[in-house]
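This report describes one protein chain, part by part. The sequence and the structure come first.

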Amino acid sequence: MVAEELDRSRLENLFLVGVDESSYRKHHNYLTLVTNHETGKIIYGAKGKRQVA
């Protein structure tokens, strides 16, 4: 459902991208985030490691 609700325009003119995997809860749970460095907005997020599509 999240994929259907995301605004596809968030990927237009995307040039400076950051990808980060952060651990939480004693380093056993991970969150993968992709950020637009020009706007500072998160454009993608997923639970787990190596979840960039």
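## V34

V34 lies in strand β2; strands here are DSSP runs (E, at least two residues) and helices are DSSP runs (H or I, at least four residues), numbered from the N terminus. V34 is buried, at a relative accessible area of 8%. Buried means under 20% relative accessible area, exposed over 50%, and partly exposed in between, using a 1.4 Å probe and protein chains only. Across the sheet, V34 stands opposite Y44 in β3. The C-alpha atoms of V34 and V17 are separated by 6.8 Å. Along the chain, V34 and V17 are 17 residues apart.

## Basis of the model

The model is predicted: local features need pLDDT of at least 70, side-chain atom pairs count only at pLDDT 80 or more, and totals for chains, interfaces and linings use all residues. Residues are numbered from 1 along each chain as its sequence is written, and side-chain values use heavy atoms, with hydrogens and water left out.

## N36

N36 is also found in strand β2. N36 is buried, with a relative accessible area of 7%. The N36 side chain reaches the backbone nitrogen of T39 at 3.4 Å.

Leaving aside neighbours within four places in sequence, N36 is in contact (heavy atoms within 4.5 Å) with L14, L16, K41 and I43.

## The sheet

Which order do the strands take in the open sheet? The order is β1-β2-β3, with antiparallel pairing. β1 (17–24) and β3 (42–47) stand at the edges; each has a single partner strand, so one side of each is left without a neighbour in the sheet. Neighbouring strands are turned by 15° against each other on average, direction ignored. The axes behind this angle are lines fitted to C-alpha atoms, for helices over the stretch in contact, and angles run from 0 to 180 degrees between N-to-C directions.

Strand β2 spans residues 29–36. β2 and β3 pair in the antiparallel sense over five bridges; two strands pair if DSSP finds at least two bridges between them. Strands of a sheet pair through backbone hydrogen bonds, either parallel or antiparallel.

## The whole chain

The protein chain has one helix and three strands. From the N terminus on, the elements run α-β-β-β.

Of the 53 residues, 13% are buried. Among contacts with a separation of 6 or more, 11% come from residues 24 or more positions apart. The accessible surface comes to about 4600 Å², and 52% of that belongs to carbon and sulfur atoms. Areas come from the Shrake-Rupley method with a 1.4 Å probe; for residues, only the protein chains shown count as cover.

Definitions and conventions:
A polar contact is a pair of N or O atoms within 3.5 Å; within protein, one must be able to donate a hydrogen and the other to accept it, and residues adjacent in sequence count only if both atoms are side-chain atoms.
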